[in-house]
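Reader: Before we go through the model, I would like to know how to read its features. Please start with the terms.

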Amino acid sequence: MSAGNKIWKKGAVLVTGAAGFIGSHLCRRLLAEGATVRGVDCFLPNYSRKIKEANLIDLITNKAFSFFEEDLYCAPIPKLLKDVGYVLHTAALPGVHKSWGQNFGDYIRNNIAATQLLLDACKGTDLVSLVYISSSSVYGDSKKSPLNERMPTQPVSPYGVTKLAGEHLALLYHQSYQIPVKVTRLFTVYGPGQRPDMAFYRFINTITEGKAVDFFGPPTPARDFTYIDDIVNGILACARFGKPGRIFNLGSGTSQPLDKVITILADIMEEELTINQVGHQMGDMLSTHADISRAKKELDYQPRVKIEEGLRQQTQWQLG
Ligand SMILES: NC(=O)c1ccc[n+]([C@@H]2O[C@H](COP(=O)([O-])OP(=O)(O)OC[C@H]3O[C@@H](n4cnc5c(N)ncnc54)[C@H](O)[C@@H]3O)[C@@H](O)[C@H]2O)c1
């Protein structure tokens, strides 16, 4: 038995949203650690199916990986859960700006209703752990910083409202049906494989094309940017060591003003930077900064990748 099998010995790992940015990275690491991984994804058209298929390319050749193209809203979830010990629920429709207006129905369907169906199917199973992947967007514009898990939640986007509803459902199923649910709140994740609608991906493309970068503000937004490998470490530690019913912030524990980060990016790319100042976007939080002391203490979580190194990795991947 490999060292990995000893880690994930209590059954297969079901990763929902396996073709997505974070889900595919989780699958890759789990396979490297010797786990048997079952991935499910319905290729939502929030971005190109080709990109999502490319995320899966190295995974599907691995014998320990099986992939199911299924929509959790209407999938045979009990079948997917057979012999599963751990569920990492990353599947969701992400993005704050598009969550206003008519699109909100899609957010309710994929982020709330599909989550409830997954949780319902977990009743009476022998799961060791179910990690619900939530977001810093549940906090909204708090006056206090850094944000800790005990602070009130007041999302400023419809997307944030759906992620918070998902958290409530997950914790309700834990309370009512003893499903071993843990919640992780992720702060802006970046690195190779980042979604094409996310800021760094767009900035890298725009700078390469010699165009002006749209910069939202004033005030200048600041974000807690977390490198994908650190997030993967945190989610897997949560699956193994997190106490059921607990919420954990997973961030870098620092907050970077966006203008500084764009300058670092242009320096790495050795390109001229032109800024196009556009106003504040509805739904954007002004600033995010994670207090990660709980995850450090209870999960031994320790983010390691500095923004300069992480941006270099993403730039190399994106332009390579
Ligand atoms: N990327 C970030 O910075 C960030 C920050 C905070 C929280 N999150 C959360 O992390 C998770 C993953 O985000 P991501 O950036 O990898 O997004 P992503 O869009 O790359 O991945 C999500 C995947 O889920 C799939 N999916 C959605 N609804 C589904 C359904 N009903 N059935 C099956 N598959 C479905 C999509 O097709 C997609 O491939 C999401 O829950 C998101 O809310 C992400």
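Author: Ala, Val, Leu, Ile, Met, Phe, Trp, Tyr, Cys and Pro count as nonpolar, Asp, Glu, Lys and Arg as charged, and the others, Gly among them, as polar. This is a predicted model: local features need pLDDT of at least 70, side-chain atom pairs count only at pLDDT 80 or more, and totals for chains, interfaces and linings use all residues. Residues are numbered from 1 along each chain as its sequence is written.

Reader: How do the residues of the shell around the ligand divide?

Author: The shell holds 17 nonpolar, 9 polar and 5 charged residues. A residue is near a molecule or strand if its C-beta atom, placed from the backbone, lies within 6 Å of it. Of the 31 residues around the ligand, Gly17, Gly20, Phe21, Ala92 and Ser135 come nearest.

Reader: Which helix gives the most to that shell?

Author: Helices (H or I, at least four residues) and strands (E, at least two) are DSSP runs, numbered from the N terminus. Helix 2 gives the most, with 3 residues.

Reader: Which way do the residues of strand 2 point?

Author: In a regular strand the side chains alternate between the two faces of the sheet. Here Val37, Gly39 and Asp41 point one way, and Arg38 and Val40 the other way.

Methods. A residue is buried if 20 or more other C-beta atoms lie within 10 Å of its own, exposed if 12 or fewer, and partly exposed in between; C-beta atoms are placed from the backbone.
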